[in-house]
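Here is a short report on a two-chain protein model. Please look over the sequence and the structure before reading on.

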Amino acid sequence: MRYIFKFPDIGEGLDEGKIIEWYVEKGQSIQSGDALVKMETDKVVTDIPSPKSGVISARYGSIGDSIKVGSALVEIDIEGVEAKDAQDINQEEPAKAVTESVDEEGFGGVVGTIELAGDGAYLPAGDEGISSPNEPKARKKALATPVARAMAKDLGIDINQVVGTGPAGRVTKKDIESHRPPAPQRSVGSIETPRQRTEPLSQIRKTIAKNMLRSKQNTAHMAIMEEVEVSTLIEARSRLNEALKHDQIKLSYLPFIIQAIARALKKHPVLNAELDMENERIIYKDYINLGIAMDTDDGLVVPVIHDADKKSLTDLAHEIKSLADKARERKLTLDDLKDGTFSITSYGSIGGYFAVPVIAYPQVAIFGIGRIAQKPVVKDGEIVIGNIMPISMSVDHRIVDGAEVSRFVNDVLSYLKDPILLLA
Amino acid sequence: MTYDLIIIGSGPAGYVGAIKAGQRGLKTLVIDKKYIGGMCLNWGCIPTKSILESAKTYQKVLHAADFGVTGIKAEEIAFDWQQAVTRTRKIVAKLSRGIEFLWKKNGVEFLRAEAKIISPTQVEADKRVFETKNILIATGSRPAPRDDFPDALSLEDLYSLPVLPEKPLLVGRGANLVELAQFFQMIGKAPIILADDLPLMPALDASLEDFMLKKMSKAKIPLIPVIDAQIKDKSVSYKDKDYPFDMVINAGFRSAVLPQMEPQLKLEDGFIATDRRHMSSTDGIYAAGDVNGKGYLAHVASAQALEVIDSIMGVDLPDEERRYPLNIYTDPELAQIGMTEAQIKAQGIDYQVKQYSMSANGKALTEGSSEGFIRIIHETKYNQVLGVQMVSANATDLISEAGILMELEGSTYELARTIHAHPTVSEIYMDAGGMDG
């Protein structure tokens, strides 16, 4: 039984990737989950795992080649599965392996969802498309004649964009011949004048644009801002850094904030949840995966610290550094980017006091940290110099009300004000 | 009372169109002056196939000993023409009842009478005038009468013959003529072909024509071009040789059978001129089947009639030319679909022919019918199949696989990839499809 595995839509609006390295050869046996190929997109370099066990019967593309999403990557001969058995498997487990990850693409999971061809993709013959009825996000595969398909491939036309005029909308040879591809991007912005210039959007910018818009269109944003006096935290951090100076790691404020938030989320699980409007329910997550917004030369990426509540300050510091390095070198993998449940942005590290950050939909909230500043504060009836950290938090009011958010913020701030509480 | 549609003629265009019209809820009346089913059912497709089957069975019995069936004395084997006709009549009656049943089921009315079109909305028959919104002329064709043989027997009359001629002279051109010649030859008669022109079967690929000419030559059926022949009273002279005959049968090209009509419809070479929707020059009057001269095959007539119903129902017809199989029920059968090699060449298409012999097919060998071949012609870029020609037992059925493939714009790759059962004659598609050259 031959199975055609196509370059999956890795859910960030990318439409192609570049082959960096092949891990498999024609004729090689592989197990489901084995890495097939290393692909580079605008944002990540990631290994694409095989959805099936079997023997590689064909490999498409050489190192350096760009592969369009939806184009065949490899063909796998599935061992011992005759056509009929394959059908049976398909019927028994229709939902299996449709989606590798459930995380939605977004601010927090820039590369969120990897969609694999479903188990419905056993192909007895032909290059007929892979599709699965349980794969709502996958593009509907065009119905097309074999010759039309071959022709579209040959001419580099995305057959899914072609309007079919055959029976039931089948794309025929004639349709391919008369198909006019959309004008190339460059000509779109042909409004060059001496005082302005145009530049096509990069993939990452397109993705960010799409995700931000989606968040604003799908959530009811509400913001809360607060200040917290962090002199104790500053002192604690500097003492810890002194103690850790031989460990080649320097704590920033971020690990403390992560711990504070992780603890507060445990008390306020609704902020670590997701609203499932379709089924009219809230999905509570038992894990706390914090997305950390990071600025790179290419744009914003939000790698995720998984199980942040289970990590020590130094673990967190190491992980943040490692993610930052990878982000800078564009070496983040899909695993680094997926499954975030709540996000943190420390915009203040560059500048800015209060802000209204955009929620990484479908997460419920994002916590922003502004620049720490010395300000006069009243302490014991006297005006003294205080160290003030401003925080700004955006939440989705659909799922949580202001009172609960205020309680959550109070909890976070209590930890930041008196970090010794984190030891409790 | 006004009909939605009156159909004149009940052949493959008329009866198929009527059933579809009934299914679509059109109030429909069919008028035919003779038998339900027209030429095809009563004298053409079905009866000729029936008597050919009798002839093939006769041949099979003659060679039964080769298959290990003994005890049959060759001198006692005979061909009983009357029994062959009786069997044919039974088949025709059964099919005719089938049509009547389907008409009844779909609310189609039938009137046996001669029809006359008075106007685009009026048809006169049986001394009555019927009002209608649409008229479909499906009156068919018959072999054109000949000046050189005014008394020649037409195909319709063949079945009323008590005794078959020993040396029939078959005049004309086309598939019917070839089938008929082979029929007479198979039952031990000595037919002579007087051909109006060559190729004998002009619509066929040259490979099929060549095969059949060789086959007939081997069977010693004289093929005489009419232009070089001298016709005397009861013999034909050709190249200083006399070929006596005892009957002339007209199997020539056909001319339209036109109903009586007041509206002056535009004709082309005696056939009713029609547009893509098969509408004549007068609005509301359609013509489908042989009578419009677009093709002389039952399945083409039926397809056209279905398009007429679609057209009446307001369905837009696709522009493309329809593809249909051409079948010749000889032994072995000939069949083709799509373009011939000559047509492909004329269009300047880069093509390749994948030809595979029946003699390499196990099932064909066991059936004792390993004579023949398949030719799959495809363009070389995507290997799209453009034409298929076949010679084999049951080629007329086997060709349907190529029909589906081509309807779906398939290539030789799909043929080669489709697992065909073994042993079957149809395997030849897979074998040929998988060939390199």
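## Basis of the model

This is a predicted model, in which local features need pLDDT of at least 70, side-chain atom pairs count only at pLDDT 80 or more, and totals for chains, interfaces and linings use all residues. Residues are numbered from 1 along each chain as its sequence is written, chains are lettered from A and ligands numbered from 1 in the order in which they are written, and side-chain values use heavy atoms, with hydrogens and water left out.

## Chain A

Chain A holds 10 helices and 20 strands. Both are DSSP runs numbered from the N terminus: helices are H or I with at least four residues, strands are E with at least two. Of the 424 residues in chain A, 47% are buried (under 20% relative accessible area, 1.4 Å probe, protein chains only).

The accessible surface of chain A is about 21300 Å² (Shrake-Rupley method, 1.4 Å probe). Carbon and sulfur atoms supply 50% of that surface. Take the contacts in chain A with a separation of 6 or more: 62% of them join residues 24 or more positions apart. Contact means heavy atoms within 4.5 Å.

## The interface of chains A and B

The size of an interface is often given as the accessible area lost when the parts come together. Chains A and B bury about 970 Å² between them, 57% of it on carbon and sulfur atoms (area lost on being put together, 1.4 Å probe, summed over both parts). On the chain A side, A:Pro146, A:Val147 and A:Lys173 lose the most area to chain B, together 43% of what that side buries. In residue terms, 15 of chain A are in contact with 9 of chain B.

The rule finds 1 salt bridge across this interface. The side chains of A:Asp154 and B:Lys381 meet in a salt bridge at 3.4 Å, N to O. The term requires a side-chain nitrogen of Lys or Arg within 4 Å of a carboxyl oxygen of Asp or Glu. On the chain A side, α2 (146–155) and α3 (173–178) are the elements that give two or more residues. α2(A) gives the most, with 6 residues.

## B:Glu307

B:Glu307 sits in helix α8 of chain B, residues 298–312. Is B:Glu307 buried or exposed? B:Glu307 is buried, with a relative accessible area of 6%. Beyond its neighbours within four places in sequence, B:Glu307 is in contact with B:Arg276, B:His278, B:Leu317 and B:Arg322.

Terms used. Buried area = accessible area lost by both parts, 1.4 Å probe. Buried < 20%, exposed > 50% of the residue type's maximum accessible area, 1.4 Å probe, protein only.
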